[in-house]
Amino acid sequence: MSGFTIRRAVDEDIEEIFRMCMELADLSDDGDSVKTTPENSASQPLIGYALYVYTFSTWDGRSAFLNDIYVTPDHRGKGIGTDLLRTVAQDVLDNGCVLMEWCVLNWNSNAIEFYKSKGAFDLTEAEHVHIYKMPKSSLEKLAK
Ligand SMILES: CC(C)(COP(=O)(O)OP(=O)(O)OC[C@H]1O[C@@H](n2cnc3c(N)ncnc32)[C@H](O)[C@@H]1OP(=O)(O)O)[C@@H](O)C(=O)NCCC(=O)NCCS
């Protein structure tokens with residue numbers, strides 16, 4: 001697939017990325033739960049994004065966590081998500097990571113098939129791992 005460019009985000013992209021974050025949250029019926037806000041104005045229309053952070057596994061070493069991957073509906077099924085994920089894979093490898101993890105909702109069969117076709121596997125299914133979240137209120141209560 002040609003006609004699009006994968007590049008690192010810059011500050012000016014924030015509003016466009018935020019728009020896609022809201023679209024992704026709406027897919028989960030969770031748009032009202034987005035607490036972040038854009039702070040800058042947009043440069044040009046973007047058609048997808050991947051957001052990932054570096055983390056560390058005591059068993060495996062340097063790792064990455066993929067927060068979001070999103071391609072706007074009109075541009076799906078054209079290989080853009082594959083190119084995006086491939087670029088992320090190269091970048092995390094270049095930065096010394098030995099694995100990347102992420103979460104996906106169990107009804108999102110399109111995304112699940114997409115991930116499996118790239119070589120990822122379901123950690124809950126394979127190792128019975130569940131993701132836990134501690135909200136700020138619980139953190140504050142615990143920290144006192
Ligand atoms: C998951 C997602 C990022 C994939 O991006 P994409 O650009 O559609 O991915 P690709 O075109 O590279 O590949 C999609 C696969 O589905 C197939 N496909 C065909 N038509 C499709 C369509 N209309 N939409 C999605 N996938 C389609 C492709 O053939 C391809 O199969 P393959 O990997 O066996 O070749 C994208 O569908 C998306 O943004 N979904 C909504 C957000 C989401 O669910 N994100 C993940 C949250 S965990």
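Helices (H or I, at least four residues) and strands (E, at least two) are DSSP runs, numbered from the N terminus. By that rule, the protein chain has five helices and three strands. From the N terminus on, their order is α-β-β-α-β-α-α-α. Along its principal axes, the C-alpha trace spans about 50 × 35 × 30 Å.

This is a predicted model, in which local features need pLDDT of at least 70, side-chain atom pairs count only at pLDDT 80 or more, and totals for chains, interfaces and linings use all residues. Residues are numbered from 1 along each chain as its sequence is written. The score pLDDT is the predictor's confidence in each residue, from 0 to 100. The protein chain has a mean pLDDT of 91, and 94% of its residues reach 70 or more. Among the elements, helix H1 has the lowest mean, 90, and strand E3 (residues 99–101) has the highest, 98.

Start with the sheet. Strands of a sheet pair through backbone hydrogen bonds, either parallel or antiparallel. Here, two strands count as paired if DSSP finds at least two bridges between them. The three strands form an open sheet in the order E1-E2-E3, and the pairing is mixed. Strand E1 (48–57) and E3 stand at the edges with a single partner strand each, so one side of each has no neighbour in the sheet. From one strand to the next, the twist averages 30 degrees.

Now take the pairs in turn. E1 and E2 run antiparallel and pair over ten bridges. They form a hairpin, with three residues between them. E2 and E3 pair in the parallel sense, over three bridges. Here Ala 64 has Met 100 of E3 as its bridge partner. Phe 65 stands opposite Glu 101 in E3.

Two residues are in contact if their C-beta atoms, placed from the backbone, lie within 7 Å. Axes are lines fitted to C-alpha atoms, for helices over the stretch in contact, and angles run from 0 to 180 degrees between N-to-C directions. H1 packs on the sheet and touches E1 and E2; its direction makes about 85 degrees with that of E2. H2 also packs on the sheet, touching E1, E2 and E3; its direction makes about 30 degrees with that of E1.

Helix H2 (residues 80–94) has 15 residues, so at 1.5 Å a residue it should span 21 Å; its end C-alpha atoms are 21 Å apart, which agrees. H1 has 14 residues and reaches 20 Å from first C-alpha to last, close to the expected 20 Å. After H1 comes Asp 29, with a positive phi near 55 degrees. After H2 comes Gly 96, whose phi is also positive, near 85 degrees.

Last, look at the ligand. A residue is near a molecule or strand if its C-beta atom, placed from the backbone, lies within 6 Å of it. Of the 18 residues around the ligand, Val 71, Arg 76, Gly 77, Gly 81 and Thr 82 come nearest. Which elements supply at least two residues each of this shell? They are helix H1 (14–27), strand E2 (61–71), H2 and helix H3 (109–117). H3 gives the largest share, four residues. For residue types, Ala, Val, Leu, Ile, Met, Phe, Trp, Tyr, Cys and Pro count as nonpolar, Asp, Glu, Lys and Arg as charged, and the others, Gly among them, as polar. The shell divides into nine nonpolar, seven polar and two charged residues.

Terms used: Expected span 1.5 Å × (residues − 1).
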